[in-house]
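Come along and check each entry with me.

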There are 2 protein chains.
Amino acid sequence: MMNIAVIAIGDELLLGNVTDTNTPYIAAASDRIGLRMVYSCHVADDAEEIYAAIDLAMSKADVVITTGGLGPTKDDITKEVMCRYFGGEMRKDEAVARHVEEIFRKKGLPMNELTATQAMVPESCIVVENAVGTAPVMWFELDGKVLVSMPGVPREMRYVLDHEVIPRLCSRFELQSAQLHHLFIATEGISESDVNTSIETMADDSALRRVHVAYLPQTGYLKLRLDAEDAELLGAAEREFYSQFGVYVIFKGDITPAEALVNRLRACGLTVASAESCTGGNIAHQLTLIAGCSDVYQGSVVSYSNEVKMNLLGVSKHTLESYGAVSVEVAYQMAEGVAKAVGTDCAMATSGIAGPGGATPGKPVGTVCIAVKTPSGTTSDVYHFTGGRSEVIARATVKAVTLLLKGLGCQATRLS
Amino acid sequence: MMNIAVIAIGDELLLGNVTDTNTPYIAAASDRIGLRMVYSCHVADDAEEIYAAIDLAMSKADVVITTGGLGPTKDDITKEVMCRYFGGEMRKDEAVARHVEEIFRKKGLPMNELTATQAMVPESCIVVENAVGTAPVMWFELDGKVLVSMPGVPREMRYVLDHEVIPRLCSRFELQSAQLHHLFIATEGISESDVNTSIETMADDSALRRVHVAYLPQTGYLKLRLDAEDAELLGAAEREFYSQFGVYVIFKGDITPAEALVNRLRACGLTVASAESCTGGNIAHQLTLIAGCSDVYQGSVVSYSNEVKMNLLGVSKHTLESYGAVSVEVAYQMAEGVAKAVGTDCAMATSGIAGPGGATPGKPVGTVCIAVKTPSGTTSDVYHFTGGRSEVIARATVKAVTLLLKGLGCQATRLS
């Protein structure tokens, strides 16, 4: 199997102000075409650091991708290192120059010297089209290996990777897509170590012992990935998994809980709304990130204050006074109220204490009441989540979604 | 200045399923105590890879932090490498063993062999307390340098870093906090290269030429960080910046646009609600991520369908039929309607096409109408955002927030 390494160049990555999303994106894309990532690193916009990183990466992998270190304020360093490593001098690429001018013209921005220097490239490279940005993408070859220098801006990097680089790597190295078969399963209520221990104690010829199992802990649930080159073996592993752990399975597939919920609602021909207090719109946000959700998702009320709970959701003042906003009674009324106000078959409602402040006697930070309405009825319970404010919000969101998913009949073996 | 390097261990990082948030977190925390991050990398759960990475990192930095490679299914490899690199054998740490048993008892989970092995540590290390997880944090010293092996689970890593490791590094190396003074400024409407070019053409003795300027592009706006060891120089640079670029400044500080808006609303004694169609609850979510927002943020209506726009927000059916949902007229009515329904002084409303589907003649993907209501009145305009679905949502969210921030009187020099 061929190997790939990624070098992410940029002072901003080392300062910690920016999270590197390019490297995992490249890793996942590489995996889909059978390139195994063996190494990745972050280095500063420093010629010696970049040179050393390229040298190390080229010793470990057949394909090296660099991101960043380009763009009008810093690419002199990177291009100079490429010239030193791969040989040759700099030259002006006319196509890139015209492309840069075109982009600036469309945006109504004036050209300046810095943007003009973007058209200079090492003569040892082949320029790959960057349709969505000004930095030229450069493809170098050395001793049968390939290095591609890509933009650091995530949107540009992803576009060029998907549209230009991956296809070129496939044809250059005669790679086939999907050399490995994958199966993703999401579980709740069982720990990574218990799953691992159970599998380790199975018979040596069990399918689950013979496939690769990757544990991918998520916020609020555990995702597992089973990998195998043989599709039949993977199918046998899946059956063994459900036989052993079926009661913990929430859904199948490399999707989010929200996507699984939207799929299930669509399959059942049902609609949903959310009434949110402590999750503050995050349930709605997770659902609306999904293109085409409007056939099942109709709307939400974020009832952050008690007045809004009463006025828009019809929660009773007496119930609020008797039990407090963070109560199963109020959550129940919120779910019923939003289903009626928005006009949906189903609903999720949350009312809780995300923290760090807001705790009251008997209701510590992390206490969240979640109500879920389906055509079969409405349930409402109290849960306790760990972590800081954003984690309580994220966990409560996942819990509400998985409760509704289960409430709609999580017939695991029939999930598509 | 002392250097730090980070090694993130874990097959899952190389597979691309997980984004490494630990490294930037460590980088930012290091920066605050004057440790400069010079290098970081990801390596597989492979003994030779880990050993080589440690060796390289120790040659580049005074402090090395490793994350991951611990936990009940894989820590044998990492601990064995530590023993080889730092010398000595493994021993059982009684405090860790008791701690692990306590955690499992509280969670009601059964102990198993794997969890028991977590208490085994190299005898060459000092064990640092991990109050929030089972994996022991290990502190090694060699030739005046320090290596700390930390958990990979982000919540655990952050807790131990903040509460144990950073304080210990400060006392071990007599570091002072905040050796560098920083100023963050958020701008809109000017490109990174134009700011850079303007600064480069200033006189050599300008304050802005003498401080370090880091460009931190965000979704929908540009964040700059000015760094200087001299607080007075930084103040002079700030004055020069406002003098040159003041018209582009949205806010000051290492905060999000939503935080800047909440601060401004609080200072003005005003409340806000949002009515969201294509942003689907994301504006509400960004506001409610902020602890203590409830004095200014009251609630939202996510009116994903036209029925909800009419029934909950009072948008006129005639307006919807005449102009369509994605129109400045409908956005205007949504803003007015939610301010009335929720009872607030201000409001933001969005109605647009996040994509990839949904375009109509004259309204391509990325078209978003945004209305903003303040005590001075309500404005409504159409905007065009680039990118995929989640980017259009994110950019429209930032735009709505910055429009309201500006509408409330963005008196830049008086922002605190």
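My entries follow, starting with how I read the model.

**Ground rules.** I am working with a predicted model, where local features need pLDDT of at least 70, side-chain atom pairs count only at pLDDT 80 or more, and totals for chains, interfaces and linings use all residues. Residues are numbered from 1 along each chain as its sequence is written, chains are lettered from A and ligands numbered from 1 in the order written, and side-chain values use heavy atoms, leaving out hydrogens and water.

**Two helices.** I looked up helix α2 (residues 22-32) and helix α7 (residues 154-172) of chain B, whose axes come within 10 Å and cross at roughly 20 degrees. Angles under 35 degrees count as roughly parallel, so α2(B) and α7(B) are roughly parallel to each other. I noted the residues in contact (heavy atoms within 4.5 Å): α2(B) brings Asn22(B), Tyr25(B), Ile26(B) and Ala29(B), while the α7(B) residues include Met157(B) and Leu161(B). I found seven nonpolar, one polar and two charged residues in this contact.

**Cores.** Of its 52 residues, Ile7(A), Ile54(A), Ile7(B) and Ile54(B) touch the most other members. A second, separate core has 44 residues, among them Ala275(B) and Val308(B).

**One residue.** Is Thr66(A) buried or exposed? Thr66(A) is buried (under 20% relative accessible area), with a value of 0%. I found Thr66(A) in strand β3 (residues 63-68) of chain A.

Terms used: Axes are lines fitted to C-alpha atoms, for helices over the stretch in contact, and angles run from 0 to 180 degrees between N-to-C directions. Helices (H or I, at least four residues) and strands (E, at least two) are DSSP runs, numbered from the N terminus. Angles under 35 degrees count as roughly parallel, over 145 as roughly antiparallel, 65 to 115 as roughly perpendicular and the rest as oblique. Ala, Val, Leu, Ile, Met, Phe, Trp, Tyr, Cys and Pro count as nonpolar, Asp, Glu, Lys and Arg as charged, and the others, Gly among them, as polar. A nonpolar core is a set of buried Ala, Val, Leu, Ile, Met, Phe, Trp, Tyr and Cys residues joined through side-chain atoms within 4.5 Å. Buried means under 20% relative accessible area, exposed over 50%, partly exposed in between (1.4 Å probe, protein chains only).
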